[in-house]
Amino acid sequence: MDALTHAIEAYLSLASTPFSDAMAEKGMELLGRYIRAFVANRSNEEAADGMLAGSMFAGIAFGKAKLGNIHAMSHPVSGYFDVPHGVANAILLPAVLRFNALADVGRYETIYQYIKRPGENQGRFTPSMLVDEIYQLLKEVEIPRHLAQVGVKKEMISSLTKDALTSGNIKTNPRSSTFEDIERIYYEAY
């Protein structure tokens, strides 16, 4: 989920370029195709290869385009509460995507196409479909949906918010974010 978040955030980053977009899209394509199969069977070599390659492409993408609010917010969660980094990213991903939807310029639908379940009929796309698909993916790969489920304490949200705002990743998030915005996203994910 960390690698998938790398690809998504790089793709949505204000610092993205055609090169980073190509890397992010290839990363999302491979990770979206293989994550379920790999979680289902860690001995599946094709899925493992796809996950490794997807992670590499996602890493190249974020190395060029930077990240956004998800990583800015997940680092304090991991630091204060010892939550694995990928789990923190996964839990925050839907709430940040919902917040960033206002700034979407058509990229959400592309992300959705890469990560949706095979054979799923889309219909007319809305950004909430991407958020719902992420929640479904979390369920399928058995990652908690809420920060409270991994030991985050509600009374620490203000401290988490202050810490998140010191991250340079906030600057490349597609939607400008204030203290109140970040705090509200934490509460939503809580």
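User: How much of the protein chain counts as buried?

Analyst: Buried means under 20% relative accessible area, exposed over 50%, and partly exposed in between, with a 1.4 Å probe and protein chains only. Here 49% of the 190 residues count as buried. Do keep in mind that this is a predicted model, where local features need pLDDT of at least 70, side-chain atom pairs count only at pLDDT 80 or more, and totals for chains, interfaces and linings use all residues. Residues are numbered from 1 along each chain as its sequence is written, and side-chain values use heavy atoms, leaving out hydrogens and water.

User: How many helices and strands does the protein chain have?

Analyst: Both are DSSP runs numbered from the N terminus: helices are H or I with at least four residues, strands E with at least two. This protein chain has 9 helices and 0 strands. Its radius of gyration is 16 Å, close to the 16 Å from the globule rule, so the chain is as compact as a globular protein of that length. That radius is taken over C-alpha atoms, and the rule is 2.2 Å times the number of residues to the power 0.38.

User: Which residues of helix H9 are buried?

Analyst: An α-helix has 3.6 residues a turn, so residues three or four places apart point the same way. In H9 (residues 179-189), the buried ones are Asp181, Ile182, Ile185, Tyr186 and Ala189. They fall within an arc of 135 degrees seen down the axis, so they line one face of the helix; the arc uses directions from the helix axis to the C-beta atoms.

User: What covers the buried residues of H9?

Analyst: Contact means heavy atoms within 4.5 Å. The cover includes helix H4 (69-81), helix H5 (85-100) and helix H8 (157-164).
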